[in-house]
Amino acid sequence: MLIGRKPDLTYADVTPKDVYVNRRKFLRDIGIAGAAAAVAGERILSLTSPNLTAYATSKLNFVKGPFNTDEKITPINDVTHYNNFYEFGTDKGDPAKNAKNFRTTPWTVSVEGEVKVPRKFSMEEILKLATLEERIYRHRCVERWSIVVPWIGYSLSAILKMFEPTPKAKYVAFQSYYDKEQMPKAKYTGLDYPYVEGLRMDEAMHPLTLLCVGMYGETLPNQDGAPVRIIVPWKYGYKSIKSIVKIKFQEKEPPTTWNLTASNEYGFYSNVNPNVDHPRWSQATEHRLGEILSRKTLMFNGYGDQVASLYNGMDLKKYH
């Protein structure tokens, strides 16, 4: 069971000094340093437009998430410079270099399909829907590396239940933003775009599944999925789709990008399972960014107490 407690490191410990200096300068420049200081000291959600920043600093309260791990937080420099975001290149350092000018405002997310109340949301509306929580989650990539990140957001269910899904809604499909002009590297990756993913309805509605708008007390960097993404901490990282623009409720299992590309390597469920090897490597161990030694991979990434019941009766080697 995961035990929530204050992490050993503060954000001052994990965030490079230049990031802190630049952030405070930004807040001063738009005239809200006083308001910012009133919201949990250094841990501010500084948004990309002045009106959103003013709203966040004056009206949004942050609370500790109920499922926090007590593990050491991964340094922010590692998390923001070692990424999988193929739209911006396949090397781990490509997204940080190539996503600098990615335009994330204005932004809307469309919710459609088997719902009674389909509609589009702006980022301003998304931020108003629920109290933002800080959740310190493990995050495991299929390539055997892992991180521990203080994400900011709220349970995806808070937005999904608003639309009154019909009885036919068995799955939730997600689609990422794609623009070949802003993402010219994508054409060299061998994937079809836009990137798509999906969850079974009970997975999407589980309280651990996070609609994420920030990390380390800040908004999401472009390379980490700005301005809004999904975090599913008991699954491999590619299930946590970035830069989402569409959420669709549907009756049939939706296609997913990596399953379409290599179904023998990437199943629909993609739960972290150390007993199921990837065809090209073992998943029994993982390497935490910023650490030297490897560690054993935990079933469901350590969230088994919360999610194992979702898969009662399923062969988790077959449905990988």
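Which side chain meets that of Lys-235 in a salt bridge? Select Lys-235 and Glu-203: their side chains form the salt bridge, at 2.8 Å from N to O. (A salt bridge is a side-chain nitrogen of Lys or Arg within 4 Å of a carboxyl oxygen of Asp or Glu.)

Before moving on, note that this is a predicted model, in which local features need pLDDT of at least 70 and side-chain atom pairs count only at pLDDT 80 or more, while totals for chains, interfaces and linings use all residues. Residues are numbered from 1 along each chain as its sequence is written, and side-chain values use heavy atoms, with hydrogens and water left out.

**Stop 1: Lys-235 and Glu-203**

Stay on this pair. (Helices, H or I of at least four residues, and strands, E of at least two, are DSSP runs numbered from the N terminus.) Lys-235 is buried, at 0% relative accessibility. Glu-203 is buried too, with a relative accessible area of 0%. (Buried means under 20% relative accessible area, exposed over 50%, partly exposed in between, with a 1.4 Å probe and protein chains only.)

**Stop 2: Glu-133 and Arg-135**

Select these two next. Their closest N and O atoms are 2.7 Å apart, in another salt bridge. Glu-133 is buried at 17%. Arg-135 is buried at 2%.

**Stop 3**

Now zoom in on strands 2 and 3. They run antiparallel, joined by four bridges. Pick Val-109: its bridge partner in strand 3 is Phe-121.

**Stop 4: Lys-246 and Glu-112**

The side chains of Lys-246 and Glu-112 meet in a salt bridge, 3.8 Å from N to O. Lys-246 is in strand 11 (residues 244-250) and Glu-112 in strand 2 (residues 108-113), so distant parts of the chain, 134 residues apart, are linked. Lys-246 is partly exposed at 26%. Glu-112 is partly exposed at 25%.

**Last stop: all the salt bridges**

Zoom out. The whole structure has 15 salt bridges. Select Glu-71, Arg-138, Arg-140, Glu-286, Arg-288, Glu-291 and Arg-295: salt bridges with shared partners join them into one network.

Terms used. Two strands pair if DSSP finds at least two bridges between them.
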